Amino acid sequence: MEFAFPIPDHLPRAAQPRQADISTSILTALSEASPINLAQTNDWVQQLNEAINQTELAIHNRIHQDLEAFERQTDTSRSIQRRFNALTSNIGRLHTELEDAETGSIPRITQALREHFDVAQRALDSTTTSTSLQYLQKCKQTHGNVVKLTTAGELPAAVLASTELQALVEACPSPLRESLVVLDLQHVARSSRDNVLEQLSGVYHSCLLLKNSKLSIQHRYKRLSLSDILASIPSQTLVTDLATLRKDIITQFIRPALSIDAPSIFASSTILELQPSRSSSPFKSVLEVFSFLREQLVPHLPELHRKSFVTSFYPPLCDAVEAHLLNAMPRGIDGLPTYLDLVLEAINLEVKIVEMGFFGGMERRIHQWGVQVQSHYEKRRRTQLLEEVRTIILSDSNPPVRIEIETPSVVQEETHPAQEANGSNAEDEEGNWDFDDDDSSAQEPSENISKQEDNREEDTETAEGDGWGFDDDDVPTPAEGKDSKGEGHDPWGVEWDDMPVEKTEPSSRDTAAEKRMDPSSSHPQSAHTPNSAPNVTKRFEQESYFVSHVATAVSSITKQILEEGLRLSGSSVFKERGFTASHPAILLSTAPSALDLFRGLYPTGRLSGNSESLAPRLQYSNDCKYLAEVSEKLRATYTNIHQSDADALNVRFEEVTQRLEMTNVSWLEDTMDEEAQALLSRLAEIGGFDDLGHNSRYEEAHGKIRQIKNRITIFSQELKSSLAISIYNQNLGMLIDRVLDRVLQDVFALDDISEIVSERIATICRTLHPLEALFPEIENVSTVASYASLWLKFTYLSDILEGSLADISSWFDSGLLIDYEPQELCRLVRALFADTPHRAAFISRILNH
């Protein structure tokens, strides 16, 4: 057989098959033969005989191959068999000698040991019983001694005997520990000791009786002295009793003596009593307590507890004295001389207490406290003043107060050297704005101004009649047409041979443009005139705004704090009495801290429930503005008085001023931004000015704009009632600017504006024109453009939407559309007018201007 791989040499090889023996072969043949005959049987017998002969021959040959070794091994086997028989016989005899029940050694030894163990056990039992009885007899005698001493009233000796009995019971021999008699004895010993200690405690409290602020000390109780009684009380119990006594003395004598009422203390030979009459000096009463303790109690204390008891009074005494000094601290500089005398008395008390031995510690606390008395006074006053400020902030409910202020204003008076007295306005304005197009100057009749004012008054009356504009039914229809256009003029695509040279007259809606071009106008845009010679003058105007009564009260307290700090800085009351004097930085820093406390506490304490209301938020903004001005004035006052020491407080006042101003601005800006977001959200609901050709879409947009106008009007009233007029104008102008900017962007986003859509957008825009009345007037001219920078640009939008291409060109050449960017104006022209050569020429002229 061949394998696919060679077989390793180390693997075992299969053994050669062994030839079956003759008996197996015959049995196999016998089992297979059927039937069996005689010949087969003889054959098998013959084979067996031959196999036996062969085996005998093999054995014989094997023996005779090494006959000497065979004989040697045979002798050895016989010798081993003989010795094994002898060993077996000997073992049998030994077993009989050891294990025999009558004569064996092991049974006899076992019996002897058993008898010895019984004797030893009886001896041990006798010894243990004797020892236990003797121990119990000793315990009985000791217990009898305890009972005898207790009955005789010898409590100190009874305490020692009960202690000895307790020790005997605890150290009893081990055989007695679990016995019933010892358990009973433990109970008896415990009861005896408790009885003795209870009687001793009663004697202790009879000798040291403290009740109802009256301490009585008896030096003897029958035949027992106070020293023996105190020495007999267990150490741990005495420590607890003395600690309780010390706490009661502190509570019932020392603290009442240092209270506001300051009752007097009477001390006799054995009684210390607190009396209701007022003491002339609280520290003298405290000294009486320690003198009484030193003479009547301390000498009788055990030496082990004496020092710890007397020194344990020092920390609570210092705490009580310091608390008394803090409570007695005056609420002003006028009371400092008397108070400093009180501090000196406290220091003298400490000196005497230390001499008596009632001192424990590394340093004298009251003396150290007195060294820093100015610092403690300033910290206490700071706490009192800030708590007063906190109370005012949280509980003051007085109405707001109107504050009058002066605000600087700059007035520019312009003169025009190039303007003739009889010259035309159009020529002067054309020269001022430096426009070169001579064929597009506009005529602006003066009667248009009165028409514009009448229209605005009508719009204002309409707005006042309808709070939110939900009932406005006078929506103009597109059939009314454009009044500013000529009869035969079609601005939507008529072909002109040449640009018209006649001067068109703007409608009454152009009065805003007239005001802008008027050199006497107060609008800031009039400053564009290059030939003007400004004459700048500065004047102060009176303004007023409301601040809360809390702010005025905090301002008053802050001024008082600064005045008190300045008085303390110039006072020598501390030096006159030997105390260390320093610059009152802590008290002075309380002034700006009071303002800072208002800034942090007022919103959480007063505005937490009115966070959504407008008036409280504006009120808080005004308060911060007012207190910022107060802080700046106080800083200037302090700097003028203490120029060399003003650095730290100066920086502190500046920080508070900046924080108050930042809070004022941030709260006002957040309020305005919140209102602006609400208006822009309402404006976003319109969704732009697309599809205004549909009446429903137009009415919806017009209604939203009226609501925005009315909301601004109502919001302005709340704003005006809270803020100064200058701040009101600025913030209202910025608010209106954000709304106008969104409207302008929505209009600029239109790619194509039909005639009806332009009229409707112009009508919608004019809905916001009455907002001009929300601003003050100077010489019958509104100042809206001074605060809303997009106002003129927005008002021109309605004229542009309803004007012809010639009108827009004329206004552009006259400089009335200077607020529009070239791209914005071009986008409007492309959206309004058809693509004609005239429109292209006008757009080119705008871009190249």
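The protein has 849 residues, of which 42% count as buried. The model is a predicted one. Its secondary structure comprises 30 helices and ten strands. Among contacts between residues at least 6 apart in sequence, 76% join residues at least 24 apart.

**Helices α5 and α6**

- Helix α5 spans residues 155-170 and helix α6 spans residues 180-207; the two pack with their axes 9 Å apart.
- The angle between them is about 155°, and because angles over 145 degrees count as roughly antiparallel, α5 and α6 are roughly antiparallel to each other.
- The crossing of these two helices, α5 and α6, is left-handed.
- On the α5 side, the contact is made by L155, A158, V159, S162, T163, L165, Q166 and V169.
- On the α6 side, the contact is made by L185, Q186, A189, R190, R193, V196, Q199, L200 and V203.

**Residue Q296**

- Q296 belongs to helix α9, which covers residues 282-296.
- With a relative accessible area of 10%, Q296 falls under the 20% cut-off and is therefore buried.
- A polar atom of the Q296 side chain lies 2.8 Å from the backbone oxygen of S269.
- When residues up to four places away in sequence are not counted, Q296 touches I217, H219 and S269.

**Residue T767**

- T767 is located in the loop between α25 (755-766) and β9 (777-778).
- The side chains of T767 and H702 make a polar contact at 2.9 Å.
- Apart from neighbours within four places in sequence, T767 is in contact with H702, I705, R706 and K709.

**Cysteines and disulfides**

- A disulfide is a covalent bond that links the sulfur atoms of two cysteines.
- How many disulfides does the model contain? The count comes to zero, under a rule that requires a pair of cysteine sulfur atoms within 2.5 Å.
- C139 is buried, with a relative accessible area of 1%.
- C826 is also buried, and its relative accessible area is 0%.

Technical notes: Residues are numbered from 1 along each chain as its sequence is written. This is a predicted model: local features need pLDDT of at least 70, side-chain atom pairs count only at pLDDT 80 or more; totals for chains, interfaces and linings use all residues. Side-chain values use heavy atoms; hydrogens and water are left out. Buried means under 20% relative accessible area, exposed over 50%, partly exposed in between (1.4 Å probe, protein chains only). Helices (H or I, at least four residues) and strands (E, at least two) are DSSP runs, numbered from the N terminus. A polar contact is a pair of N or O atoms within 3.5 Å; within protein, one must be able to donate a hydrogen and the other to accept it, and residues adjacent in sequence count only if both atoms are side-chain atoms. Contact means heavy atoms within 4.5 Å. Axes are lines fitted to C-alpha atoms, for helices over the stretch in contact, and angles run from 0 to 180 degrees between N-to-C directions. Angles under 35 degrees count as roughly parallel, over 145 as roughly antiparallel, 65 to 115 as roughly perpendicular and the rest as oblique. A crossing is left-handed if the near helix is turned anticlockwise from the far one by less than a right angle, and right-handed if clockwise.
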